Each structure stands twice: as structure tokens, then as C-alpha cells.
Amino acid sequence: MTRWFMGLKPGVGPVLKVMKNDGDDPLTTPSTDWHKYIFDSEWAHKLGYVFDVMEISFDLTKWPKPAADGATATYYEPSGSTSVNALLVVYALRNNGSITDGMQAQIIFPENLGFAYTPLIETRRFTIAENRFDGVSNSYSPVNVRSSGAYESGYVGGRLTGVTWFRDDARVSMSSVITLNRRNYSLFGYSINEFNNFATTLSPHALGGGGDRFRQLHSVFELPIDNVPLPSYAGTPVEGQKVLRIAPDAVKMAYPGHDVAEGDHDAFIFSSERVPAKVIGAGQITINSGASADIPTKMPVTFGTYVDFIVKRTSEAQFYHPPFLPSGTSRTNRIQLNYVPVIGENRITVNNIGDQNFNMRYVVYADDNSAPTTGGSKVFHKSNDGSVDYIQLKTPGSSDSAPGLNEIILDSRLPAIPIVAEGWLAAADFGTTDDAFLGAKKAVIAVDNPNGDFLPFPKMIARWSDGSNRSVFNRTHRIFGSVNNAFLYNNKPAGCSINCKIFDDALHVYQSSGQPWRIELEDATLGDPYTASPQNGPSLVGIRYYVLAIPLSL
């Protein structure tokens, strides 16, 4: 079993450390040996906690559409809240002249989650009819793409489905999709504009009679998305402060300089009153084109299971994120996947429905919004799961034999994910590129991983001059097709493109701010030359980044 230590560390004070191997000494192993820890309270201010995994789904019972044609009903959640303090607002629309008859647009307000900053939120879309989540995809479009009366240059692009973006509006909003350019984009039967505040639009039928219905999972990371410091709640220890409490009515560990008697949740590394999602799977797998593979998990999968991933073709040496096509623009280079959580079992099935064999680096976060379990008498619990011994801290009163994921505070089988690098890359920090196909400018982020002891996993948010924040690794890397033989931007990235090349000990980040976001063509003529009109978008202000240290396997 793993080694669990609670006690005093000379020169530091009270600590709680869970080691992966019994042979590692918790008092002498440096906190920067991240790969040796399941949990380390000394590094708790830099953990990639998932605060919550939230589901949003179409619900006409809870939020009925209005009786009048063309009308909209507005609902605020939780019940009794207003436009000032709501966590969620739902617009229910009725249109009897439409195929759909009714739709719902739902907006999450991250600033009302209780943080002193706007947190990173990411999204995955679940198709009910096909019982699967959408995954990564990239695409190829021919040179003639019609756009508002003009023709547009073709492109090859890659993105992850489920994109988070934020606006500096009166309300900060969250969206489940970002367009390939600054045009309207049809989303689940409702045409929204890239800069609308509509977040997730769900309808009982897709326009055109497709009939798909969707749910959304939103994963809320306790990470600021802007150029603000990662909060550190640790203070100066005072003699007599009680740091750890394990009692029948509460389980809490305070940061240095705080006491378990305090009432502010920010004073605690963990608490039975605020339980984060668990990491139940991590690692890397290979899946051939047309094949499927199972990701093993340490705990049974719930619907609140959120799979975070990056992919690359097996023929590539490094991961590029978002995935793109460095060898050309052929349709046969398509990357596409979906995944199916096998509810109640210890696995998630990933399906490679694209044309390329790929490697997938993944982290599986899981939450459980089911009713609390009962009947338990322990909060500090030791047992065996049939394979290994384990130790748990869990919420008071929860089942001793089968607590829910939302009742497990700390488990010796389930690691916390450390942040090994974080910061802000201003636009001015980017220098000369070494690959114009990846981006016009480049910056390097060092990662302390000389022996390849963990898998680097980046999280990044870009801030643009129009005030928006967009999750760069859930958006598009867009390469313009050949417009004419002399055109400046042939086979170069659009200004909205951000990409990252991932090494064991570094991230190479590329951006192309200042180049056109799209290119309109004068007419439909495919002959050469013809006139091209670059269309510019916002410029990059900077990128907020985090690098998580993912276990080689779990």
C-alpha cells in the first residue's frame, strides 16, 4: 500500500503527505518530486483542483417555454436568485413557425461560484441519442467557402469540441462552442453569433429534423483565467493554531497561518464541507483508426465523469495541441474521436472514428451529484478494494463501504494533480518563430521534468483586445489554403490561431496575432490570380497558462 504520513515536519510544521511508494520518506522527499506523491499538503497551494463538474441539459419540466409564439421566458438558478446573484440563467424560447418549436439558452456566471477571480471552465458535449461525448476533431475545407456574399479562402483546422470563452460584459458568460471565424454558427438548432452571451443552446430537435438532443458537462477548475496571480492562502503560522481536524462531525486541514475553527473555505486545503472532484484515471494510450480502447479508472464511472485529453497522430514525435495537420491538407489526415463513459464500471471506451492512428494523453476527473450515502461511522477509513489496501478521509456519516465520489475527501489511490509551471505570456514575450506553419511568433515555457517522470498537460486561456478570453486549446488552429501564387498568407495560420508543441521539459507556444482571421475572395473563380481581401480580428493581449504534471499511469 502507499505510505500515509500525518505529523510535524521539522522547520515546516504540521503536514499530511501520501506517498506513492512505501520506500519514499515523506519527511525528506522534496515537494518538487511531484511524481512521488499522491498528495502533499506543502504543495497544496498549487494543485489543479476541479471544484465541480456541472451538468446542463434541456429540461422543459423545470424551465417550461412560454405560451405565446415568439416569446421568451427567463429563469434564474438557484431558485429565488436574481440577475444579480444567479449562478445560471435559462432563456426558454418558443417559435411555432420553427421545426423545433422551443429552445433553451443557458448561461453560467463564473463570478457567482464564490471565487475571487473568474475560474477556468471547460465543456464536453454529450449526444443523448448516441450515448457518447464528442471529442477532438480537425477539418479540411475547399478553397471556396461562402460567407455573407463573399467567398472565403479554404483552410485546415483543428479544435476540441466544447469550448469555453468569456466576455468582459456586465455579466461574464460561458459558451460551449467557438466559431472557426467571426460568422454566425449553427449550434444545436439555434443560430448564435460568436460574441453573443448565449452559452449553451439546447433544443429537442436540430434544425433540418436531425433530432439530436444534448447535455453539457462543465468542469470548473480552481484556476484564474486572466493575468492575476494563482491565489496562495497560506499565512504565517502562529503557535497554538490547530491545523488538522479529523472528528466524527468534521474533517478539515487548514493552510499554514490558519485554524480549523475558521469559517472561510479559502482557509482550508481540504474540508468535508467542500469536496473537489477526484482524479480516477490518467495516462496515455494508442488507438488505431477505426478501433476502440478502454481507459481504466480507479473508481466506477459516473455521468459526472469529465475526460480531459490531448491527442496526436502516432507518426508525430510530439503532441500538438490543438491537433493539426503538419503534413498537408488532405482529408485523409482527419483526426476525430468520441468517448463513452461506462456508467458503474471502471472504464471509459474511446472510439477512433478518424482516418489516423493516434496517441491520447488523458486525465479523468469524476464527480457524483447523487444523493448522499448514509450509515457510516468512520471519517478516517482503511480497507482493501480487492487489489490494494487504501486509506480514505471522507465526509461524516457517509457509507464506510461505498461512499460517493462527492464524499471522498482524500484517497490513497487517487492523486492530486500538481501545477509545475504557471504564469502569463504577454504578446510582447513572443519572439521569432521557427515554424511559420505553426505560428508567426513563438515563446518557450520551461518545465522541470528532466527525466520524463510525468506527462506535461497544458491549460491555457488567451485574452484578446476585444475583451474576450478564450480557451486556446479548445479552439482552432487554422491554416489558410493557397489563395493565389503571390499571396502573403498562403499556407500560414490565421490571426486567431494558437498552437503548442509539447515536450517533456518545455512547451513551445505559437501565435499569429496580426495576421488575418479570415480571407474573403472577390468571386467564385478558381483561376489564378484573383483578388483576396484579408479580414482582421482582435489582437492578442496575452496567454494565461498552467502546466499540470500527469502521472505516467494510474
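**View 1. The largest nonpolar core of the predicted model**. This core has 74 residues, and Met360, Leu507, Val509 and Ile543 have the most contacts inside it. A nonpolar core is a set of buried Ala, Val, Leu, Ile, Met, Phe, Trp, Tyr and Cys residues joined through side-chain atoms within 4.5 Å; buried means under 20% relative accessible area, with a 1.4 Å probe and protein chains only. Strand E41 (residues 540-550) gives the largest share, eight residues; strands (E) are DSSP runs of at least two residues, numbered from the N terminus. A second, separate core of 21 residues includes Val18, Val243, Phe270 and Leu393.

**View 2. The surroundings of asparagine 359**. Asparagine 359 sits in strand E27 (residues 358-366) and counts as buried because its relative accessibility is 11%. Its side chain makes a polar contact of 2.6 Å with that of threonine 286 and one of 2.7 Å with that of lysine 312. A polar contact is a pair of N or O atoms within 3.5 Å, in which, within protein, one must be able to donate a hydrogen and the other to accept it; residues adjacent in sequence count only if both atoms are side-chain atoms. Lysine 312 is 47 residues away in sequence, with 5.4 Å between the C-alpha atoms.

**View 3. Aspartate 24 in a loop**. The loop runs between strand E2 (13-19) and strand E3 (37-40). Aspartate 24 is buried but has no salt bridge, and the nearest side chain of opposite charge, lysine 36, is 4.4 Å away. A salt bridge needs a side-chain nitrogen of Lys or Arg within 4 Å of a carboxyl oxygen of Asp or Glu; Lys and Arg count as positive, Asp and Glu as negative, while His and the chain ends are not counted.

Residues are numbered from 1 along each chain as its sequence is written, and side-chain values use heavy atoms, without hydrogens or water. In this predicted model, local features need pLDDT of at least 70 and side-chain atom pairs count only at pLDDT 80 or more, while totals for chains, interfaces and linings use all residues.

Conventions. Helix = DSSP H or I, 4+ residues; strand = E, 2+ residues; numbered from the N terminus. Buried < 20%, exposed > 50% of the residue type's maximum accessible area, 1.4 Å probe, protein only. Contact = heavy atoms within 4.5 Å. Lists of a residue's contacts leave out its neighbours within four places in sequence.
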